[in-house]
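Here are some exercises to work through with the model open beside you. Try each task before reading its solution.

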Amino acid sequence: MTKHPQFPRAEWLARRTRILGCAASLIHDDEQRLMLLHTTWTDAWQLPGGGHDEGEDLWQTAVRETYEETGLTMPDHPELLTVDWGLHPEGIPEIFTLFKGPLVDASTVEVKLSDEHDDWRMLTAEEWAPLVPPQQARALAIAADVLRGGRCRYLREAGHLADIR
């Protein structure tokens, strides 16, 4: 390890900002409906995903969390839909990555929910909009656009950087 010019390496690392890393998957069907899961601890809908564990990269987090929360497996190769930079509700910087999840048939898919969730639904981003917070609705709309053939988006607080001024 090289020494930082002003501090010993350990001190320099201790001064660095800590960032929460989170990853999720966008499980979808061929009608552009998106799967969200209903949480057991509050009345909220969320994507399958969560915080990364030590030693994981964010793709591995999405793969693990998707399987743990739905019993579904991710595609073989990662396809990044969005990267969202923001602040966790506790004020900690957070990076949230959303990967393209499995394409499913909503009428036949077998979802095995974890104890974190008690229901799941597949709706379009437009149908989800009144059921989720505005920031989440914006992120779902952007991700759905990318899913339809758009390009990966870098967001800040679930909005396009060009829209934030």
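**Exercise 1: Around Leu-26**

Find the residues in contact with Leu-26 (contact means heavy atoms within 4.5 Å), leaving aside its neighbours within four places in sequence. Solution: the partners are Leu-34, Leu-47, Leu-81, Leu-98, Phe-99, Lys-100, Gly-101, Leu-140, Ala-143 and Leu-147. A note before you go on: this is a predicted model, where local features need pLDDT of at least 70, side-chain atom pairs count only at pLDDT 80 or more, and totals for chains, interfaces and linings use all residues. Residues are numbered from 1 along each chain as its sequence is written, and side-chain values use heavy atoms, with hydrogens and water left out.

**Exercise 2: The aromatic pairs**

Search the whole structure for aromatic pairs and classify them. Rings of Phe, Tyr and Trp (its six-membered ring) pair if their centres lie within 6.5 Å; planes under 30 degrees apart count as stacked, over 60 as edge-to-face and the rest as tilted.

Step 1: the search finds two pairs.

Step 2: the ring centres of Trp-45 and Trp-128 are 5.1 Å apart and the planes stand at 55°, so this pair is tilted.

Step 3: Trp-45 and Trp-128 are both buried (under 20% relative accessible area; exposed is over 50%, partly exposed in between, with a 1.4 Å probe and protein chains only).

Step 4: for Trp-59 and Phe-99, centres 5.2 Å apart and planes at 70° make the pair edge-to-face.

Step 5: Trp-59 is buried at 16% relative accessible area, and Phe-99 is buried at 7%.
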